[in-house]
Amino acid sequence: MLYLFYGEDDFSLGQAVQELQESMGPAEVAGLSTTRLAAQGLTLESLTGYCDVVPFLTEGRLVLVEGLLSLFEGRRVGRRGRSAPTPAP
């Protein structure tokens with residue numbers, strides 16, 4: 001399952017992530033199946049690797065990628081999936 005949290009309200013974003021972590025079970029156990037990553041420098045191959053790790057003592061894994069959408073700011077995707085420059089106003 002994929003969740004996408006975004007917006008300018010950092011407090012509410014943090015609360016939503018915390019609730020998701022708490023739904024995994026006790027913090028000590030959920031922490032073993034949680035990975036936080038920075039989007040800067042992250043490759044699809046390494047992200048896939050983190051997501052493929054078998055969860056430990058929980059039903060699933062939680063992989064948090066912080067700042068992913070900021071990598072795409074100012075760009076738009078063209079018809080064939082390639083990045084295209086944003087038109088000038």
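1. F5 sits in the segment ahead of α1; helices (H or I, at least four residues) and strands (E, at least two) are DSSP runs, numbered from the N terminus. Before going on, please note that this is a predicted model, in which local features need pLDDT of at least 70 and side-chain atom pairs count only at pLDDT 80 or more, while totals for chains, interfaces and linings use all residues. Residues are numbered from 1 along each chain as its sequence is written, and side-chain values use heavy atoms, with hydrogens and water left out.

2. F5 counts as partly exposed, at 35% relative accessibility (buried is under 20% relative accessible area, exposed over 50%, partly exposed in between, with a 1.4 Å probe and protein chains only). Leaving aside residues up to four places away in sequence, F5 touches L13, A16, V17 and L20, where contact means heavy atoms within 4.5 Å. F5 and E66 are 61 residues apart along the chain, and 9.7 Å separates their C-alpha atoms.

3. For the overall layout, you will find 3 helices and 4 strands, in the order α-α-β-α-β-β-β from the N terminus. Of the contacts between residues at least 6 apart in sequence, 50% join residues at least 24 apart.

4. The largest pocket holds about 1,100 Å³ of space, and 29 residues line it, with Y3, L20, L62, V63 and L64 nearest its centre. Elements giving two or more residues to that lining are α1, α3 (44-52) and β2. On a 1 Å grid over the protein atoms alone, a pocket is an open set of points where a 1.4 Å probe fits, with protein on both sides within 12 Å along at least five of seven lines; lining residues have an atom within 4 Å of a point. The volume is the space filled by probe spheres set on the points, which are joined across faces, edges and corners.

5. One backbone detail may be worth a look: L57, in the loop between α3 and β2, has a phi near 65°, a positive value in a residue other than glycine. L57 is exposed, with a relative accessible area of 62%.
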